[in-house]
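Hello,

Here is the structure we spoke about. Please open it alongside this email, and then read on for the findings.

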Amino acid sequence: MLLLKIILALLSAAFLTFGYLICVRRRYHLINGFSEAQRAGSADEAYAQKVGRIELCVGLALLLILIVLIIAA
């Protein structure tokens, strides 16, 4: 159970950090292949914002699961 909590903590921290950097700080270079796709016209800022929001949501969900596991144990 301890290993699961550690893994959840690391994953939630990673997703929250990347989601914050992409969504708020607009560091789109963190998205794989975004620069090339933007030059080709197949991706734009709205796409990058969606990716950032999804990462933030996944990070929050993992963090909530971690909190529930800590409280339940």
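R26 is partly exposed, because its relative accessible area is 49%, and partly exposed covers the range between under 20% (buried) and over 50% (exposed). Please keep in mind that this is a predicted model.

Where is R26? It sits in the loop between α1 and α2. Its backbone deserves a look. The phi of R26 is near 55 degrees, which is a positive value in a residue other than glycine. Most residues other than glycine have a negative phi.

R26 also has a partner. Its side chain meets that of E45 in a salt bridge, at 3.5 Å from N to O. R26 belongs to the loop between α1 and α2 (34-40), while E45 belongs to helix α3, so the pair ties together parts that are 19 residues apart in sequence. Side chains of opposite charge can pair when their charged atoms come close. E45 counts as partly exposed, because its relative accessibility is 42%. How many salt bridges does a search of the whole structure find? It finds one.

**How α1 and α3 pack**

Helix α1 covers residues 2-23. Helix α3 covers residues 45-72. Their axes come within 7 Å and cross at roughly 155 degrees. Angles over 145 degrees count as roughly antiparallel, and α1 and α3 are therefore roughly antiparallel to each other. Which hand does the crossing have? α1 passes α3 in a left-handed crossing.

**A nonpolar patch**

Look next at the surface. L2, I6 and L10 make a nonpolar patch there of about 330 Å². L2 has its place in helix α1. Is L2 buried or exposed? L2 counts as exposed, because its relative accessibility is 62% and the cut-off for exposed is over 50%.

Q38 is partly exposed, with a relative accessible area of 40%.

A40 counts as exposed, at 64% relative accessibility. A40 and L4 are 36 residues apart in sequence. In space they are 41 Å apart, C-alpha to C-alpha.

Now move on to D44. Its place is in the loop between α2 and α3. D44 counts as partly exposed, at 44% relative accessibility. D44 and V58 are 14 residues apart along the chain, and their C-alpha atoms are separated by 22 Å.

**I71 in helix α3**

One last residue. I71 lies in helix α3. I71 is exposed, because its relative accessible area is 66% and exposed means over 50%. From I71 to G59 the separation is 12 residues in sequence and 18 Å in space, C-alpha to C-alpha.

**Where to start**

Start with the salt bridge between R26 and E45. Then turn to the crossing of α1 and α3. Finish with the patch made by L2, I6 and L10.

Best wishes

Terms used: Residues are numbered from 1 along each chain as its sequence is written. This is a predicted model: local features need pLDDT of at least 70, side-chain atom pairs count only at pLDDT 80 or more; totals for chains, interfaces and linings use all residues. Side-chain values use heavy atoms; hydrogens and water are left out. Patches are made of residues with over 30% relative accessible area and no salt bridge: like charges are joined within 9 Å, nonpolar side chains (Val, Leu, Ile, Met, Phe, Trp, Tyr) within 5 Å. Accessible areas come from the Shrake-Rupley method with a 1.4 Å probe; for residues, only the protein chains shown count as cover. A salt bridge is a side-chain nitrogen of Lys or Arg within 4 Å of a carboxyl oxygen of Asp or Glu. Helices (H or I, at least four residues) and strands (E, at least two) are DSSP runs, numbered from the N terminus. Buried means under 20% relative accessible area, exposed over 50%, partly exposed in between (1.4 Å probe, protein chains only). Axes are lines fitted to C-alpha atoms, for helices over the stretch in contact, and angles run from 0 to 180 degrees between N-to-C directions. Angles under 35 degrees count as roughly parallel, over 145 as roughly antiparallel, 65 to 115 as roughly perpendicular and the rest as oblique. A crossing is left-handed if the near helix is turned anticlockwise from the far one by less than a right angle, and right-handed if clockwise.
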